[in-house]
Every structure is written in C-alpha cells, then in structure tokens.
Amino acid sequence: MRVAHIRETQLTTYLVENQARFYRLAYSYLNNREEALDAVQTAVCKALEKQDSLKDADAVHTWFYRILTNVCTDMLRQRKRVTLVPPESLDAGSYEDPLPEDGSLARRVDALPPEVAAIIRLRFYEELSLQEISAVMNCPLSTVKTRLYTGLRKLRVSLEGESL
C-alpha cells in the first residue's frame, strides 16, 4: 500500500512539473490547441489509471511519452483526413513528400510520414535519446536511426531546394 502511494505521488509530481512539455509535444502532432489539451488530459487519465503497469519508477519519462504519442496518433486516426489529389498533379514516378507553402520548418516536419515526423519531434523538440525514442515508439533502435536520418535528409533537401 505504501509503495503504491509513493509511486502515485512521484507520477503526479512528474505530470504536474512537465505539463507544458506534454502540451508542446501534443500540439506538434495535432496542430490544434483544444485537441492538444484533450490529448494531454486523456494521456494523464490513462497514466493514472494504468500506473500499476509502471514497473520501474525511473522509466516514467518514456512510459508516459509512449502513452501520449499513442493518444495523439489515435486522435489523428479519428480525424480520418482524406486529401484528394487531382490526377493531373501526379507525375509518373514522383513520390516526393509535399512541400508546405509557408516554408516553415514545423510545416516541413508535418509533411513527413507520421512515423518519421514523430521521431524527429521526440529527438529535437523533446530531446529524448535514441534509446528512449526506441522505447516510446516500441520499435528497434536501428529503425529509429534509419527513420531519423531519412527524415533529416528529406528536411535538408527541402530546405536547400535540391532534389535527390
């Protein structure tokens, strides 16, 4: 009983102290203030409900980030956004990522495939190590590295205006 109380206190303290970081990460996924706030609230509720599944108190950082990224991903899926592209705009063999019109770096990250953008956000916005990202994303470290360097290469190319 005492250990559960200590764990709950540690978790609550962590959640309160880092709420701004959580909001920033959720906003980077959802680009909507209300949805980001909802995502953080949902993730906090899930974390409090599932706190018994946290075996190592030192892993609370990656454990909660996994919950939050999963909530954001679920919210994106629920949007069911469909972008119709007219056939004449498709070049045969052209599979380039769309370039945002405003040219901002955040928009360019948003234009990357979701699994690549998520890794870039966690690495550079949240300063997680590659090992922590591997735990959050639940994928091998080699996959994290590949996606990170692929995303960075695409960002560099789009910023320089070069083509591969």
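Analyst: Let us begin with contact, which means that heavy atoms lie within 4.5 Å. Please keep in mind that this is a predicted model.

User: Leaving aside neighbours within four places in sequence, which residues is threonine 62 in contact with?

Analyst: Threonine 62, whose place is in helix α4, is in contact with Glu132, Ala135 and Val136 once its neighbours within four places in sequence are left aside.

User: Is threonine 62 buried or exposed?

Analyst: Buried means under 20% relative accessible area, and because threonine 62 has a relative accessible area of 16%, this residue is buried.

User: How should I read the packing of helix α2 and helix α4?

Analyst: Angles under 35 degrees count as roughly parallel. Helix α2 (residues 19-30) and helix α4 (residues 60-79) pack at an angle of about 30°, with their axes 10 Å apart, which means that α2 is roughly parallel to α4. The crossing in which α2 passes α4 is right-handed.

User: Which residues of α2 meet α4, and what are they by class?

Analyst: Arg21, Phe22, Leu25, Ala26, Tyr29 and Leu30 in α2 meet residues of α4 including Phe64, Leu68, Cys72 and Leu76. By class, the contact of α2 with α4 has 11 nonpolar, three polar and two charged residues.

User: How many disulfides does the structure hold, and is cysteine 72 buried or exposed?

Analyst: The structure holds zero disulfides. Cysteine 72 counts as buried because its relative accessibility is 0%, whereas cysteine 45, at 40% relative accessibility, counts as partly exposed.

Note on methods:
Residues numbered from 1 in each chain as written. Predicted model: local features only at pLDDT ≥ 70, side-chain atom pairs only at ≥ 80, totals over all residues. Heavy atoms only, no water. Axes fitted to C-alpha atoms, helices over the stretch in contact; angles between N-to-C directions. Helix = DSSP H or I, 4+ residues; strand = E, 2+ residues; numbered from the N terminus. Parallel < 35°, antiparallel > 145°, perpendicular 65-115°, else oblique. Left-handed = near helix turned anticlockwise from the far one by under 90°. Nonpolar A, V, L, I, M, F, W, Y, C, P; charged D, E, K, R; others polar. Disulfide = S-S within 2.5 Å. Buried < 20%, exposed > 50% of the residue type's maximum accessible area, 1.4 Å probe, protein only.
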